[in-house]
Amino acid sequence: MYRVLLAFVMSLTLSTAVRAQSPNGDLARLLAADLAKYPAKAGVYVKNLRTGEEAMVNADQGFSSASVIKIPIMIRAFQLADQHKLNLDERVEITRATLRDGTGVYQYLDMGLKPTVRDLITQMIITSDNTATDLMTTLVGGVDSLNTWLAVSGYTQTRMVSRGYEYRRKLLAVLNPEFASLTAEETTALQYAATDNPLFDLYAPLFSGERAKWVALVRDPAQRAKLADARSRLTVRDRSYWLGNMTPRETARLLEGIERGTLASASASATMRTMLRRQQLGVRRIPHYLDVPVAHKTGDGPTIANDVGMVYARSGTVLIAFFTNDITGQYGEAEDMIGRTSRKIIDYFDRVSAAR
């Protein structure tokens, strides 16, 4: 009985939020009905750029962005390149000190590789490469500089909360307070050790003597379970452990700026759209049930499945910014729900367009 009542209240709350934010009854009701079924805290903003029609659920609520925050980093990098303050052809060496665990390919390649800045941005987007992301965060001036630009540009809620290694270090400190003072390199090493990743062998010399006990600690089964639990909970429920804070509406504004070429030069905007269309991740989300091109960026975590992008539908370009945090059901099913709702959104716009 409690679950039935809870589902009713959630549905009513979502529906009310949509009615208050959108005059488009059919699409609003579609979104409200679908998101009420999501086993997660969910929000979405949708807009057809050809007609201006929009609809939303929890569009101004802050969500744990995970890697979706990499979109503002990309935009800022191209802005700086337009201003001749950043050289996209400059080469940056990948070293052990700059490696970051998690998503991406650079960590698996030979040390000493020197990709261009443009390559770093590409990998930051299409494979969500964390090594590339941390390097790009530095190249755009750091977290504070990025957030200052966002604020000045009118994005009042979009913020990068911390670098990836910083919140990972905080998670490790849940196991041992001594870990709060780890370097970025040591943090990456212990994350590898905790998952038995062979890449830890690169860092073994850092953990001789007394520090050997740190490796044993993160490899202890009970401590691994504690770390996994902390990652699942804190990265969605405690903002200080987030990579970024973003809302569906402001994220869609960033996407619209890329699509319309209002945030960077025409050539830079075209390059960003191309990068987003080359996305290698999130095939079970927005693009899953679509047969038209999609340019998008995902954000992942143990209980996070975000996906935002532009769908090049027959009825025009459609912005979709989906955030799902604190997933309680099957992760793959949550991804598929995003895909199914996205298909309904595009079918709606195509149907309305055909009827005109």
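Residues are numbered from 1 along each chain as its sequence is written, and side-chain values use heavy atoms, with hydrogens and water left out. Because the model is predicted, local features need pLDDT of at least 70 and side-chain atom pairs count only at pLDDT 80 or more, while totals for chains, interfaces and linings use all residues.

A pocket is an open set of points with protein on both sides within 12 Å along at least five of seven lines. A cavity is a set of points where a 1.4 Å probe fits but cannot get out. Lining residues have an atom within 4 Å of a point. Grid points are joined across faces, edges and corners, and a volume is the space filled by probe spheres set on the points.

The largest pocket has a volume of about 660 Å³. Its lining comprises 41 residues. G102, N130, Y167, R168 and R231 lie nearest the centre of this pocket. Two or more lining residues come from each of α5 (130-139), α7 (164-175), α8 (184-194), α10 (221-237) and β6 (294-301). Here helices (H or I, at least four residues) and strands (E, at least two) are DSSP runs, numbered from the N terminus. Strand β6 gives the most, with 5 residues. By class, the lining of the largest pocket has 14 nonpolar, 17 polar and 10 charged residues. In this scheme Ala, Val, Leu, Ile, Met, Phe, Trp, Tyr, Cys and Pro count as nonpolar, Asp, Glu, Lys and Arg as charged, and the others, Gly among them, as polar.

The search also gives 1 cavity of 30 Å³ or more. The largest cavity has a volume of about 30 Å³. It is lined by N48, T51, E53, S315, F349, V352, S353 and R356. Helix α13 (residues 331-355) supplies the largest share of this lining, 3 residues. The classes here are 2 nonpolar, 4 polar and 2 charged residues.

Helix α9 (residues 212-219) has W214, V215 and V218 as its buried residues. Buried means under 20% relative accessible area, with a 1.4 Å probe and protein chains only. These residues cover an arc of only 100° around the axis, which puts them on the same side of α9. The arc is that of the directions from the helix axis to the C-beta atoms. The cover over the buried residues of α9 includes α7, α8 and α10.

A193 is found in helix α8. This residue is buried, with a relative accessible area of 0%. Leaving aside neighbours within four places in sequence, A193 is in contact (heavy atoms within 4.5 Å) with F200, V215, V218, R219 and R224. The C-alpha atoms of A193 and A204, 11 residues apart along the chain, are separated by 9.4 Å.

The whole structure holds 6 aromatic pairs. Rings of Phe, Tyr and Trp (its six-membered ring) pair if their centres lie within 6.5 Å; planes under 30 degrees apart count as stacked, over 60 as edge-to-face and the rest as tilted. F63 and F323 form a stacked pair, 5.7 Å centre to centre with 20° between the planes. F63 lies in strand β3 (residues 63-64) and F323 in strand β8 (residues 316-325), so the pair ties together parts that are 260 residues apart in sequence. F63 is buried at a relative accessible area of 0%, and F323 is buried at 0%. The rings of F200 and F207 have their centres 5.7 Å apart and their planes at 40°, so this pair is tilted. F200 is buried at 7% and F207 at 5%.

Conventions
Buried means under 20% relative accessible area, exposed over 50%, partly exposed in between (1.4 Å probe, protein chains only).
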